[in-house]
There are 2 protein chains.
Amino acid sequence: MTTKIDITLSETKKEKPNVDQLEFGRVFTDHMFVMDYSATKGWYDPRIVPYGPISLSPSTMAFHYGQTVFEGLKAYRTKDDKVLLFRPNKNIERLNLSNDRLCIPQIDEELVIEALKQLVSIDKEWIPTAEGTSLYIRPFIIPTEYYLGVAPSKHYRFMIILSPVGSYYKEGIHPVKIFVENEYVRAVAGGTGTAKTGGNYASSLKAQDEAEKRGYSQVLWLDGLEKKYVEEVGSMNVFFKINGEVVTPALNGSILEGVTRNSIIHLLKHWGVPVSERRLSMEDLYKAYKEGQLEEAFGTGTAAVISPIGELFYNEERMVINNGETGDISMKLYDTLTGIQTGALEDIFNWVVNVNE
Amino acid sequence: MTTKIDITLSETKKEKPNVDQLEFGRVFTDHMFVMDYSATKGWYDPRIVPYGPISLSPSTMAFHYGQTVFEGLKAYRTKDDKVLLFRPNKNIERLNLSNDRLCIPQIDEELVIEALKQLVSIDKEWIPTAEGTSLYIRPFIIPTEYYLGVAPSKHYRFMIILSPVGSYYKEGIHPVKIFVENEYVRAVAGGTGTAKTGGNYASSLKAQDEAEKRGYSQVLWLDGLEKKYVEEVGSMNVFFKINGEVVTPALNGSILEGVTRNSIIHLLKHWGVPVSERRLSMEDLYKAYKEGQLEEAFGTGTAAVISPIGELFYNEERMVINNGETGDISMKLYDTLTGIQTGALEDIFNWVVNVNE
């Protein structure tokens, strides 16, 4: 590490929220990490500064052409006061993959990991310790050139902000109802589906909104070409247990490579549970359901870790999975992953990073 | 009109740029229009204020999930000092179509047209008058809620900014070379291709960048499903003259409905030139080329009006169109449209709006 991160500590400390009332992504800590880019200087001036607003011209490219990328990961505080990150290198590697797709210059992954550790360490008191709580970490990059031409920006700002978050499952893990989407499309090969960029999320809002109006929590996305093959659920990867085998859609150029997805495949293999990444049609899934072989279904992502699916609404039919209850594999995966993440279980794969080591 | 637009004039006037050195979208006028939205108040506080930076929290949704929309149109100053807009209602109607796709609340079209007129009128001295120059108008909406959840924002800001622009064709109208894109995809039915939203432009940057490295100005986008059918060129609609007939891809759910595109179809029909909106395969286009029937090709959009295509690079072959020169129909359309827009020709379709009437 040769680049020094400049640190300016906040003179005042904000009041910390009541952990019982914490929502996702509404409250932010005392500091943030900032680094700028210009075509002549490269990435420069990495710094930790008091959390606060940024001032931008209305012509800033960030407001016009969607050339943005982001990541999401979590820090946990253990009973013995250690602060742990879960596989942060995977997120920062993926940020550079997103950068490549969006024509944003590559960041120095080692520097950013160091920035992450220092920032989380400084705002350590903000990490809640109650069951299921954590500190959500949001690295993101926006284009900051003042220009209305359609071209990659020549200036960028990279920021990391931190938000203490309450338990995703305040009343315990529970399955959700999902609407199988047959009109809107999330992504297609050759598009930006494998990148974590704003446009993918913007395009999903309408389908999500319509599903909610029908009483469903999220949509199950099918492929954009034939609307036949399962891709993702909401903004999560998706898994199914079919006749003893756990199946997830193969990375085909339009599916995001989730860190939780990857970790689950590792865990299942370690346990000797058959697991397969392959193309899975909605028709085959329905057939398995009718034959009583669709045993479990769940989404996976940083926010929920595991989100069991109790019902799929498909072709005007309610497919109830595992009696609408959380399945055994779903529960075991949730307990094991959160156990490793919070330091309660042994870190058998060396996934956890202590911010002070 | 019942809603009053509050006006605060700038105390100082910025120096106006030299018209010969004007680039696209780099210099902005003295004022801007701003209006805010909250779920409880609806759109409120429409105001014209001095042009200046806006201050936003790093957690502002605009930086994360791409829920943005925009429009682009131009104002022209005539020899007798009138200020003309070209079909502004079409742009503002389309802004509301984009809003619908992106889950952004509808704006009051009448109020926004009035805001456009007042703002352009106040900054009228900024409109250059030299041949081919104009004032570019950029209405846009960003989500302003401070929240990291993936959901439609509950707060928005609508802004209109103005930028004097030089001639698109400083050395006269001239054809460009286009690369037929066979890897990246711009949009697909069920996606956001018909909306003017940031993500469509972000996803196009990589293809554009790779085309430029090969010596081409833009890419010709094919459909996202089969990569067979012609859709758009760069960020413009596209037209071909084949054996006397002018053909443009039909609006199929992934193509933006351009105001220039619509105007051209009107003009051609008025002139009695056969014009057809239909699905057009690259294969058929190539066949017409080999048979000597591909007579002209051109892109259409607000910035260039008409951008003649002199060459298509397809399947490792250079398809040279009309000897790489601007065709007669392309030239006549350019002269007629810019003539109507600048008030030099009779406004036969009642397209032009005088901002002071």
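A salt bridge is counted here when a side-chain nitrogen of Lys or Arg lies within 4 Å of a carboxyl oxygen of Asp or Glu. The model under discussion is predicted. By this rule Glu311(A) forms a salt bridge with Arg318(A), the closest N and O atoms being 3.1 Å apart. Glu311(A) counts as buried, at 3% relative accessibility. Over all chains the count comes to 42 salt bridges.

## Interface of chain A and chain B

The contact takes 60 residues from chain A and 60 residues from chain B. Between them the two chains bury about 4900 Å², of which 64% is on carbon and sulfur atoms. In chain A, the residues that lose the most area to chain B are Pro58(A), Phe63(A) and Leu205(A), which together account for 14% of what that side buries.

Five elements of chain A give two or more residues to the side that touches chain B: β4 (54–56), α1 (88–101), β8 (134–143), β9 (155–165) and α3 (198–213). Of these, α3(A) gives the most, with 9 residues. By residue class, the side of chain A that touches chain B divides into 33 nonpolar, 18 polar and 9 charged residues.

The rule finds 4 salt bridges across the interface of chain A and chain B. Among them is the pair Arg26(A) and Glu145(B), whose closest N and O atoms are 2.8 Å apart.

Strand pairing also joins the two chains. β4(A) is linked by 3 bridges to strand β4 (residues 54–56) of chain B, and the two strands run antiparallel. In this pairing Ser55(A) stands opposite Ser55(B) in β4(B).

## Salt bridges

Side chains of opposite charge can pair when their charged atoms come close.

| Residue | Partner | N to O distance |
|---|---|---|
| Arg26(A) | Glu145(B) | 2.8 Å |
| Asp209(A) | Lys213(A) | 3.1 Å |
| Glu311(A) | Arg318(A) | 3.1 Å |
| Lys228(B) | Glu226(B) | 3.4 Å |

What separates Asp209(A) and Lys213(A) along helix α3 of chain A? The two residues are 4 residues apart in this helix, so they are separated by about one helical turn. Asp209(A) counts as partly exposed, at 24% relative accessibility, whereas Lys213(A) is exposed, with a relative accessible area of 67%.

In chain B, the side chains of Lys228(B) and Glu226(B) meet in a salt bridge. Lys228(B) counts as partly exposed at 41% relative accessibility, and Glu226(B) is partly exposed with a relative accessible area of 43%.

## The network around Arg47(A)

Salt bridges link Asp36(A), Asp45(A), Arg47(A) and Arg157(A) in a network. Arg47(A) is placed in strand β3 (residues 42–50) of chain A. Is Arg47(A) buried or exposed? With a relative accessible area of 15%, Arg47(A) falls in the buried class, because buried means under 20%.

The side chain of Arg47(A) has a polar atom 2.8 Å from the backbone oxygen of Asp45(A). Leaving aside neighbours within four places in sequence, Arg47(A) is in contact with Ile5(A), Asp6(A), Met32(A), Phe33(A), Val34(A), Met35(A), Asp36(A) and Arg157(A). Asp36(A) and Arg157(A) belong to the salt-bridge network as well.

In chain B, strand β17 (residues 305–314) is joined by 4 bridges to strand β18 (residues 317–320), and the two run antiparallel. Tyr314(B) has Glu317(B) as its bridge partner in β18(B). β17(B) and β18(B) form a hairpin with 2 residues between them. In the turn, Asn315(B) has a positive phi of about 50 degrees.

In chain A, Ile309(A) is placed in strand β17 (residues 305–314). Ile309(A) is buried, with a relative accessible area of 2%. Which residues does Ile309(A) touch, not counting residues up to four places away in sequence? They are Pro175(A), Val176(A), Ile178(A), Val233(A), Val238(A), Ala297(A), Phe298(A), Gly299(A) and Ile321(A). Ile309(A) and Arg186(A) are 123 residues apart in sequence, and their C-alpha atoms are 20 Å apart in space.

Conventions:
Residues numbered from 1 in each chain as written. Chains lettered and ligands numbered in written order. Predicted model: local features only at pLDDT ≥ 70, side-chain atom pairs only at ≥ 80, totals over all residues. Heavy atoms only, no water. Contact = heavy atoms within 4.5 Å. Buried area = accessible area lost by both parts, 1.4 Å probe. Nonpolar A, V, L, I, M, F, W, Y, C, P; charged D, E, K, R; others polar. Pairing = 2+ DSSP bridges. Buried < 20%, exposed > 50% of the residue type's maximum accessible area, 1.4 Å probe, protein only. Polar contact = N/O pair within 3.5 Å; in protein donor to acceptor, adjacent residues only side chain to side chain.
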